[in-house]
Amino acid sequence: MQENLRPVLKYWAKYHWSNIVAMIRNMSASPDTCDLEFRDRQVVITGATSGIGYLTARKYASRGARLLTINRSEEKSGALREGIQRDFGTTCDYLIADLSCLQDIHRVGMALVGLAEPIDVLIHNAGLYLSRRTLTKDGLEMNFAVHVLAPFVINYLLREKMQRDRQGRILFVSSEGYRFAVWGLRLDDLQWKKRLYGGLKAYGAAKIAQILIMHVLAKDLQASAVTVNAMHPGMVRTNTGRENSPLYRWYKQHIIDRLSQPADISAKALYYLGISPALA
């Protein structure tokens, strides 16, 4: 037991409690906003058929952006495109891909590399929450595949294009949930084979890894005009967790969702992060 506690105690000893105070304060704050037009600029969003991604796509479209969304569902992607073109008169193309599948991740990355125009904003929004350890068809832990491998591989493939285009912003929809991994990141067990899996613990570990690759990517691209940031979307109502147990779904519907804010707050924040001159 003492051996198991040692990594946790080492981590907590270095923890900045001022971050917790700031987190609590910021949870109730309104996001900064920007209402500048973004006409004819190219925006790529993963997981855009529901929740934060859907509202973010419509927010960018309402200001004139051209959209390329990456989703799992052909039907929902078509409905999203039809709605955006009808309501805002701008283009909305899509790619169908399962971002837990390595083959699809590589295919998406190469499709983005092949775009003739620069990518002005790339938003890694696709995400999930699982209460049980679940493996992808490639045998990888699902949280790790979707939150870490997918954006890492896509960004890695895009590095030369982004550097060549010398513009663009990359945004990760991350989470303050990284704090659930109170021991830090276990690099010797990223796939949760050696430990008892917990939904919050695995989600937190994936978000820590996501934030770390954000820092590595930002350093890689620092010689260009490309910026890289991660954001916490706030405590907002989304469809995340639908794949989980009936008990979790009941808890989310009756407890979490009632305490949460509308997801359009996150969309406003993502628009600000993507276009505000203050973050150039």
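Reader: What is the relative accessibility of tyrosine 156?
Author: This is a predicted model: local features need pLDDT of at least 70, side-chain atom pairs count only at pLDDT 80 or more, and totals for chains, interfaces and linings use all residues. Residues are numbered from 1 along each chain as its sequence is written, and side-chain values use heavy atoms, with hydrogens and water left out. Buried means under 20% relative accessible area, exposed over 50%, and partly exposed in between (1.4 Å probe, protein chains only). Tyrosine 156 counts as partly exposed because its relative accessibility is 47%.

Reader: Which residue forms an aromatic pair with tyrosine 156?
Author: The structure holds five aromatic pairs. Rings of Phe, Tyr and Trp (its six-membered ring) pair if their centres lie within 6.5 Å; planes under 30 degrees apart count as stacked, over 60 as edge-to-face and the rest as tilted. With 6.1 Å centre to centre and 25 degrees between the planes, tyrosine 156 is stacked with phenylalanine 152.

Reader: Over the ring of which residue does the charged end of lysine 59 sit?
Author: A charge sits over a ring if NZ of Lys or CZ of Arg is within 6 Å of the ring centre and within 35 degrees of the ring normal. Ring pairs link Phe38, Tyr60 and Tyr271 into a cluster. Lysine 59 has its charged end 5.5 Å from the ring centre of tyrosine 271.

Reader: How far is the charged end of arginine 195 from the ring centre of tryptophan 192?
Author: Tryptophan 192 is in the loop between strand 5 and helix 7. It counts as buried because its relative accessibility is 5%. The charged end of arginine 195 sits over the ring of tryptophan 192, and its distance from the centre is 3.7 Å.

Reader: What is the phi of tryptophan 192 near?
Author: Most residues other than glycine have a negative phi. Aspartate 40, in the loop between helix 2 (17–27) and strand 1, has a positive phi, near 65 degrees. Aspartate 40 is exposed, with a relative accessible area of 52%. Tryptophan 192 also has a positive phi, near 60 degrees.

Reader: Which helix supplies the largest share of the lining of the largest cavity?
Author: On a 1 Å grid over the protein atoms alone, a cavity is a set of points where a 1.4 Å probe fits but cannot get out, and lining residues have an atom within 4 Å of a point. The largest cavity is lined by 15 residues, with Leu185, Leu190, Trp192, Ala205 and Ala206 nearest its centre. Helix 6 (142–165) and helix 7 (199–220) each supply at least two residues of this lining. The largest share, four residues, comes from helix 7.

How values were computed:
1 Å grid on protein atoms, 1.4 Å probe; cavity = no way out; pocket = protein on both sides within 12 Å on 5 of 7 lines; lining within 4 Å.
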